[in-house]
Amino acid sequence: MKCIFCSTELGPPIHKNLHECPGCGNRRIAPADIPSKDNAWRQNRSFMLRASSNKAKEAARLKDAHEGQLDLLEQYVKPGAVYDVGAAGGFFMKAARDRGWQVAGNELSASSVAWAKRAYDLDIDCCYLEDAGLPDGAFDAVVMWNVLEHVVDPVLTLRECHRILKPGGCILVKVPTKNAAELRRHFEWKHFTEFSRNGLDHVLKQAGFVRLVLERSAADKVSHTIALYRKPA
Ligand SMILES: [Zn+2]
């Protein structure tokens, strides 16, 4: 069995059905356990319902994080059009709009989409990114908060982000990057990929991006990485 990211032969599982790639360092669920797109939607939707049962509290919890992420993004891109992939209840979109960004996004959970409409008057696409009918080169920035690990084909999704970005536009991604002990303590069956920092760099470059920032996110209990990359002009 070969790594889907770099084609290196994978070793035996390091935990449950999770295989680690000795080449790029990414860990991936065994192919037989990767669901179809429809089943992945169902899994992610039920995950979102549990994760965000109290959305007002969730919004308050994430406020400082989103302000910090916007501070970072605005060092590289002036406020323009931003697309939030997996926007949940629109918490980041609300924070970005308050700072002068034109915001759009998608989210698979219909209840989260409805909540964002009621609470913030946001119109979020309730579909997969690639089904949202977005034009080429429409956005100055794309963001993904804790989404790429839930995606069936991360490189395909990142290539779609690349397509909708303007030349010179930026992508800001946050994913968990757990060490081996954290993987065993916090095993998440609905994460199809557990990224290493090198492996995240590898998939972003595969999708055509150039690195600006790749660093540990300070705010979280479990290790996370923030990646800010640019689509070459
Ligand atoms: Zn690999």
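A residue is called buried if 20 or more other C-beta atoms lie within 10 Å of its own, exposed if 12 or fewer do, and partly exposed in between, with C-beta atoms placed from the backbone. By this criterion, buried residues make up 41% of the 233 residues in the chain. The model is predicted: local features need pLDDT of at least 70, side-chain atom pairs count only at pLDDT 80 or more, and totals for chains, interfaces and linings use all residues. Residues are numbered from 1 along each chain as its sequence is written.

The secondary structure comprises 7 helices and 10 strands, these being DSSP runs numbered from the N terminus (helices: H or I, at least four residues; strands: E, at least two). The radius of gyration is 17 Å, close to the 17 Å that the globule rule gives for 233 residues, so the chain is as compact as a globular protein of that length. Here the radius is taken over C-alpha atoms, and the rule is 2.2 Å times the number of residues to the power 0.38. Along its principal axes, the C-alpha trace spans about 50 × 40 × 35 Å.

The largest nonpolar core has 58 residues, and Val 142 and Ile 171 have the most contacts inside it. Such a core is a set of buried Ala, Val, Leu, Ile, Met, Phe, Trp, Tyr and Cys residues joined through C-beta atoms within 7 Å.

Helix H4 covers residues 110-120, with Ser 112, Val 113, Trp 115 and Ala 116 buried. Seen down the axis of H4, its buried residues fall within an arc of 160° (taken from the directions from the helix axis to the C-beta atoms), so they line one face of the helix. Just after H4, Asp 121 adopts a positive phi of about 55°.
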